Amino acid sequence: MTDIFSPARLGPITLRNRLIKAATFEGRTPDALVTDELIEFHRAMAAGGVGMSTVAYCAVAPGGRTDRHQIWMRPEAVPGLRRLTDAVHAEGAAVSAQIGHAGPVANAASNREPALSPSRLFSPLGMRMTRKPDAADIAGLVAAHARAARHAEEAGFDAVEIHFGHNYLVSAFLSPLLNRRRDGYGGSLANRARLAREIAEAVAEAVGGGLAVLAKLNMDDGVAGGLRPAESVQVARWLEADGTLDALELTAGSSLLNPMLYFHGDAPRRSFARMFPQPMRAGMRVAGPVFLREYPYRPGYLLERARQFRAALRMPLVLLGGITDHAGLALARSEGFEFAAMGRALLCEPDLPNRIRAEVGTTSVCTHCNECMPTIYTGTRCVLPIAGGVRP
């Protein structure tokens, strides 16, 4: 208990405890800028006791959003982000900006810009083909991540988390299934990992040690032919050797092909289908059992995969997936993970950390129904009537 809720170093910063609010798109930025509702969302997380809250998702370019209602990092976004960081700091917590490019997960129809992927493919999200970036495009993407990190620093963030997971752009480059390039960014694992390493280096140089730099890395894509743990461990070793990151947050699954792997629990297929217009609604109903697979929920459901990374690395790691109570937090520490992250449980009860700290036996009311997932389009929230979570 003392260790979990005691201050802990994360690169150049100190968090008041080892609990991080995981990045979950908040659905509160209709004009791609900070709103009072977004500020209140993260203020409530900070007041509830987390050591750091993560703002998601801050795209590095307008075409890198999963839809046009997400923030993209630019000078116009900085004043609002500064209000947000000030509100979180006033509650005693640190705050991180998750930055990245959605790649093939971007909705080209919504963004009105082509989605990018290492190799051309049909994206059902935008109902059109993606574009394959050339060498000049890739250099521009690396520079865009560095600019986004500088904007985050200007806005008062304590950390940035680079998105290397869920088959967003960097994750897609890592995937042997999605990356069929024959240049220096495709083929061998070293080539496929090149973009991740270049971005991490550029971001670290951009913030110059003033901010903590984390990356959210896929351990396993969860699809045949995708990135698997053995290759991901090697990527993590290279990132560790480069010395550009202060921590890795370990995740799994694909927003493009298998999102339920990083959620586990019930698959809200009908609720998701209702959020889409035709013909996507009908397509979601037909493809739902394949796209939204069932993974029974269990506490610490990503731990088995994460152990491989803990055994191979010395750098700080963040354990994610099924952490909802003191037992889960204690397990993360006993297994050697420096930090633990919560997502859905905090949507349900933002004050859960404070209550766990006050009473070890506190349990979350989250049922892992995952009905919160479709609410990203209307203000991400818990839909349970017994929940005390933040509202849209």
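I began with the lining of the largest cavity, which consists of Arg344, Leu347, Cys348, Cys366, Thr367, His368, Cys369, Asn370, Cys372, Cys382, Val383 and Leu384. I took a cavity as a set of points, on a 1 Å grid over the protein atoms alone, where a 1.4 Å probe fits but cannot get out, and lining residues as those with an atom within 4 Å of a point. The model is predicted, with local features needing pLDDT of at least 70 and side-chain atom pairs counted only at pLDDT 80 or more, while totals for chains, interfaces and linings use all residues. Residues are numbered from 1 along each chain as its sequence is written, and side-chain values use heavy atoms, without hydrogens and water.

I sorted this lining by class and found eight nonpolar, three polar and one charged residues. Here Ala, Val, Leu, Ile, Met, Phe, Trp, Tyr, Cys and Pro are nonpolar, Asp, Glu, Lys and Arg are charged, and the others, Gly among them, are polar.

I then looked up volume, the space filled by probe spheres set on the points, with grid points joined across faces, edges and corners. The largest cavity holds about 90 Å³, and I counted two cavities of 30 Å³ or more.

The second largest cavity has about 30 Å³. I listed its lining as Ile4, Arg18, Leu329, Ala332, Arg333, Phe337, Glu338, Phe339 and Ala340. Two or more of these residues come from each of α12 (326–334) and β12 (339–342), helices (H or I, at least four residues) and strands (E, at least two) being DSSP runs numbered from the N terminus. With three residues, α12 gives the most. I noted six nonpolar, no polar and three charged residues in this lining.

Definitions and conventions: On a 1 Å grid over the protein atoms alone, a cavity is a set of points where a 1.4 Å probe fits but cannot get out, and a pocket is an open set with protein on both sides within 12 Å along at least five of seven lines; lining residues have an atom within 4 Å of a point.
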